[in-house]
Amino acid sequence: MSNFLIKSKDIYFQDTEKYRHFKTVFSKIQELSISKNYYDTNLFNIEEILSILEMGSFHEGKKLKNDFTKYILDTISYYTPAIKPYGKSLPGNWYDFIFGNRGIESDFGYFVGSLFGASFGLKEKSDYGENYRNLWVTCGQNEETNYSVLSLNYDMVLENYCHFMNSQYHTAEKVSFNKEGSPEWNKPSLFKLHGCAEAGTIVPPTWAKGTHRKVIPTWKNAYQTLLNSTHIRFIGYSLPLSDSYIKYLLKSSVVNAPHLKQIDVICLDSDGSVKNRFDYFIQYDYYRYKNGSVKEYFEELYQVSKHQRYHPGNAPVVLNKLEVAHENFMS
């Protein structure tokens with residue numbers, strides 16, 4: 001959020017014709033600079049820019065212009081990394097390259113695969129002297145644990161891993177999050193509280209959520225998800241002071257949540273301020289804070305999953321060790 005504007009300018013100057021609509025956005029942001037003469041204003045932070053614009057638009061009975069929505073979506077799309085498969089043919093130790101070459105992108109894949117309890121296998125057959133190898137994936141291997149995700153991001157990273165599995169492997173059933181209906185605990189749900197790049201819906205992070213009818217069902221589903229959760233985990237979220245509406249969502253949902261057992265927070269904290277915010281906000285006895293990065297969290301999951309992968313033959317690789325990895329990381 002803090003360098004969104006600067007990053008978008010890098011894109012613009014690479015191709016001013018393709019991204020000419022960015023210029024309209026930059027001009028509007030420049031107009032907002034007058035507010036700095038009166039109040040503390042950070043016009044490099046995209047959240048603050050959108051909040052000021054939306055407040056003005058709301059009281060004038062207008063909506064944010066399409067140029068702003070397209071500007072945000074284009075910037076997100078440009079900086080969202082593509083998931084690259086290993087190559088045309090996988091080596092004998094194919095199970096090391098389920099999500100491409102080793103790295104953060106691959107580790108992220110293990111996390112998404114673990115949400116689904118995905119099982120990866122290899123089937124070999126011969127046909128007229130030629131050997132064929134078919135890779136397949138099935139989901140639903142988490143026998144005792146089910147997951148859902150509430151996201152404040154617009155990007156398509158989580159969905160892209162589903163697309164990757166569907167395109168790179170044979171699937172009996174399409175791998176996808178439940179994004180539209182009410183929470184179904186037999187299948188991971190993904191509810192984006194600020195909208196989604198895929199749908200072209202961008203909801204500025206301000207108080208006026210009720211004015212955005214497109215995301216009202218998403219908020220209701222998020223509330224229902226929290227209501228029925230036994231564990232709540234914040235991963236890479238710093239609980240910024242501006243996100244008061246998230247606090248009220250959490251407070252209201254816990255009133256009728258008899259099953260909640262544990263609240264865990266994983267976030268990198270260089271000066272202790274993030275932990276202080278969570279410590280002040282969460283008064284529950286079964287609350288833990290871990291000062292660590294999402295990258296380290298994914299690496300732990302990869303290492304735990306790796307131990308079960310070195311097996312003889314073509315036995316399937318089942319990604320169902322997220323609970324083990326989570327406890328290892330927290331402790």
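User: Which residues do ring pairs link into a cluster?

Analyst: The cluster linked by ring pairs holds F99, F108, Y110, F111, F120, Y161, F164, Y169, Y297, F298, Y302 and F329. Rings of Phe, Tyr and Trp (its six-membered ring) pair if their centres lie within 6.5 Å. Planes under 30 degrees apart count as stacked, over 60 as edge-to-face and the rest as tilted. A note before we go on: this is a predicted model, where local features need pLDDT of at least 70, side-chain atom pairs count only at pLDDT 80 or more, and totals for chains, interfaces and linings use all residues. Residues are numbered from 1 along each chain as its sequence is written, and side-chain values use heavy atoms, with hydrogens and water left out.

User: How many aromatic pairs are there?

Analyst: The count comes to 28 aromatic pairs. Take F108 and F298: their ring centres are 4.8 Å apart and their planes are at 50°, so this pair is tilted. F108 sits in helix α5 (residues 104–116) and F298 in helix α10 (residues 294–306), 190 residues apart. Helices here are DSSP runs of H or I with at least four residues, strands are runs of E with at least two, and both are numbered from the N terminus.

User: Is F298 buried or exposed?

Analyst: F298 counts as buried because its relative accessibility is 3%. Buried means under 20% relative accessible area, exposed means over 50%, and partly exposed is in between (1.4 Å probe, protein chains only). F108 has 21%, so F108 is partly exposed.

User: What about Y110 and Y302, how are their rings arranged?

Analyst: Edge-to-face, with 5.3 Å centre to centre and 85° between the planes. Y110 lies in helix α5 and Y302 in helix α10, so this pair ties together parts 192 residues apart in sequence. Both Y110 and Y302 are buried.

User: New topic. How many salt bridges does the structure hold?

Analyst: It holds 12 salt bridges. A salt bridge is a side-chain nitrogen of Lys or Arg within 4 Å of a carboxyl oxygen of Asp or Glu. In helix α10, K295 and E299 are 4 residues apart, about one turn of the helix. Their closest N and O atoms are 2.7 Å apart.

User: Which residue does E323 meet in a salt bridge?

Analyst: R233, at 2.9 Å from N to O. E323 lies in helix α11 (residues 322–330) and R233 in strand β8, so the pair ties together parts 90 residues apart in sequence. E323 is partly exposed because its relative accessibility is 27%. R233 is partly exposed too, at 24%.

User: Which salt bridges form a network?

Analyst: Those that link E159, K179, K192 and E198. Within that group, E198 bridges to K179, with the closest N and O atoms 3.3 Å apart.

User: Back to β8. Which of its residues are on the covered face?

Analyst: I232 and F234 are on the covered face of β8 (residues 231–235), while H231, R233 and I235 are on the uncovered one. In a regular strand the side chains alternate between the two faces of the sheet.

User: Which strand is β8 joined to?

Analyst: Strand β9 (residues 262–266), which runs parallel to β8 and is joined by 5 bridges. Two strands pair if DSSP finds at least two bridges between them. I232 has I263 as its bridge partner in β9.
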